[in-house]
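Please look over the sequence and the coordinates shown here before reading on.

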Amino acid sequence: MIAKIFAIVSLIFLLYFAHSTFAENELQKRLYELGYPTEGFIVVNNTMKFADGHIVRFEGNYVETYPITAQEALNRLNNYLAEYNLKLKKYNMRIEPEIKSMSEKEENGKLYWVFELYIKKGSSKFFAGLAYVERKEGLIKIKGLLD
């Protein structure tokens, strides 16, 4: 009995660890594709880009920090979608951001992390819109089926 419980707990832990490691690696890969370093920071056109995705911009004597990292943006977005996913659970559906679609956008003077959202059911998925996570304060706006 104890061996079965240990095996089940170990399996759950391994699945969680594998999933979180995979998602983190996918996020790091996407950041690298967007021009972020794999460690430390780089300076490009008066902007310091850090490995976790946060940036600092220099405009003369003015310094502006955008502290929302890519991981934090993804976490905030998943928390935002949790209520929708609870409602969709009875239909065996979920709304999920796609990490490999993550991009950066400037709109109305604000910087955003942008993720494509998909509604998934089993192996099927269809496009549900775009999620914008503001990089300074972490505010979220959705353009698509949820707005």
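Helices (H or I, at least four residues) and strands (E, at least two) are taken as DSSP runs, numbered from the N terminus, and two strands count as paired if DSSP finds at least two bridges between them. This is a predicted model, in which local features need pLDDT of at least 70 and side-chain atom pairs count only at pLDDT 80 or more, while totals for chains, interfaces and linings use all residues. Residues are numbered from 1 along each chain as its sequence is written, and side-chain values use heavy atoms, with hydrogens and water left out.

β6 and β7 form a hairpin with two residues between them, and G122 in the turn has a positive phi of about 60 degrees. In the hairpin of β7 and β8, five residues lie between the strands, and G138 takes a positive phi near 85 degrees. The two pairings are set out below.

| Strands | Sense | Bridges |
|---|---|---|
| β6 (residues 110-121) and β7 (residues 124-134) | antiparallel | ten bridges |
| β7 and β8 (residues 140-144) | antiparallel | five bridges |

A nonpolar core is a set of buried Ala, Val, Leu, Ile, Met, Phe, Trp, Tyr and Cys residues joined through side-chain atoms within 4.5 Å, where buried means under 20% relative accessible area with a 1.4 Å probe, protein chains only. The largest such core has 25 residues, and those with the most contacts inside it are L77, M102, W113, F115, L117 and V133. The largest share of this core, six residues, comes from α2.

Notes:
Buried means under 20% relative accessible area, exposed over 50%, partly exposed in between (1.4 Å probe, protein chains only).
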